[in-house]
Amino acid sequence: MILVNWIKEAKYIKDQAIKNNEYFSNSLPMIASENILSPLCKEMLISDFHGRYAEGTPGNRYYEGCKFFDNVELKAIELSKKLFKCNYADVRPTAGTTANMAILKALIKPGETATVLDLSNGAHISFGKWGAAGIRNIELISYPFNDEEMNIDIDGSIKLIKKVKPKLALNGRSVFLFPSPIKEIAEAAHEVGAYLVYDAAHVLGLIAGKQFQDPLREGADVMSGSTHKTLPGPQGGMILSDHKAENEEDKSFLRKLSFGVFPGVTSSYHLHHVAAKAIAYAEHLEFGESYAIQTIKNAQALGEALYNRNFKVFGEKLGFTKSHQILLEIGPKKGKQASKKLEESGIITNMNTIPGDNDPMNPSGLRLGTPELTRIGMKENEMDQIAEFFMRILLKKETSSKIRKDIKEFRRNYQEIQYCFNKGYRGYDYYNLI
Ligand SMILES: Cc1ncc(COP(=O)(O)O)c(C=O)c1O
């Protein structure tokens, strides 16, 4: 009998990881939902918290062995409540999508109605018919949208909410250039007895850094988010609310939210990620404000630099963006072609729908983000140089091999992670901290 030596396969996988690290360290990563982990957060991911179970809440567990993890979860809750200045935090959801599923499980029943943004106007799939909202069998009715302002049409949406009296007014955006009119929408929602849900997946770190709207102060009843985008922690999700368990209605609201997470949509909730989230909250309390300020400045500088080089950048009259993203119109169904061309030269982006697109697989735009470029120390000057690369690739159509070399050289001085406790670590290396 011939024995197969499976270690070759394991080595193959490790090799892919090493190559991927190298690939990203020589490229310009500009996907708006991505970021890199600090060394301390990374260290938590290889701790023994990985793989353990802790169903329930601190002090109230189905499994034994949780005494140190209970401390971790309590600290994560305490830090996240400080970061977002709110009364309730659940750090268990294993993704932004899981957080949204838990909220939908808690606050709306199958067949009931929710108002939403359309996917083509920048909504996320989890509030669409093919995602979590569809799984829950929720009737979805779309807000009218103002293309020029890249935002929900306020008057039309208020009218809509008053007319259809939804159970939930949902607000989730993957293309999130400008703050949403939360105050107005929340007032209308509350008038008809609906809760306002704000999905902050993309802008969570900007909110925590006090550089974006503050939804919980503007009237949102509950806010979900991803912990790995502008909040540069481990992949995961969280749920926040400023409701306080002081009366029966609020107690029941918070109980339902908690029950939505467990047993609703989690069992083991990736304890090593919770430990890394706690570290990310601490790092964001320390560095979040300066990080958010620079991330937004970079996005605005990039928008302007591209506009000056004849790219069609959305939101021109409003300064292109007030977030970490910008949206480019490339040409009818040309988004994919452009993102492929950019990657050949060393710039990693994603195609994106723009207003008016109705085929999500053949969209006409590109979404660009500055969270990761900012984290490796880039500022406004570097954004100008990056816009020049875009021009050479997409407008002048220079050969990709030449530009790839130039980008590798440009990246050489931007390898260390900033805005975190440990200085001097390269973002794409392996560490042996423990
Ligand atoms: C608005 C919005 N909500 C939810 C998600 C899903 O987040 P996750 O990838 O953490 O599940 C995304 C992902 O980008 C998003 O843009």
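Predicted model: local features only at pLDDT ≥ 70, side-chain atom pairs only at ≥ 80, totals over all residues.
Residues are numbered from 1 along each chain as its sequence is written, and side-chain values use heavy atoms, without hydrogens and water.

**Exercise 1.** Describe the shell around the ligand.

*Solution.* 
- Step 1. Count the shell: 13 residues surround the ligand. A residue belongs if one of its heavy atoms lies within 4 Å.
- Step 2. Pick out the closest: Gly96, Thr97, Ser174, Asp199 and Lys229.
- Step 3. Find polar contacts (pairs of N or O atoms within 3.5 Å). A polar backbone atom of Gly96 is 2.7 Å from a ligand oxygen. The side chain of Thr97 places an N or O atom 2.7 Å from an oxygen of the ligand. For Lys229, a polar side-chain atom lies 2.7 Å from a ligand oxygen.
- Step 4. Check the cover. Alone, the ligand exposes 390 Å², and the protein buries 86% of that. Areas use the Shrake-Rupley method with a 1.4 Å probe.
- Step 5. Sort by class: 2 nonpolar, 8 polar (Gly counts here) and 3 charged.

**Exercise 2.** Describe how helices H12 and H14 meet.

*Solution.* 
- Step 1. Locate them: H12 spans residues 335–345 and H14 spans 380–395. Helices are DSSP runs (H or I) of at least four residues.
- Step 2. Compare the axes, lines fitted to C-alpha atoms over the stretch in contact, with angles from 0 to 180 degrees between N-to-C directions. The axes come within 10 Å and cross at roughly 120 degrees.
- Step 3. List the contact (heavy atoms within 4.5 Å). H12 gives Ala338, Lys341, Leu342 and Ser345, while H14 gives Phe390, Ile393 and Leu394.
- Step 4. Sort by class: 5 nonpolar, 1 polar and 1 charged.

Technical notes
Polar contact = N/O pair within 3.5 Å; in protein donor to acceptor, adjacent residues only side chain to side chain. Helix = DSSP H or I, 4+ residues; strand = E, 2+ residues; numbered from the N terminus.
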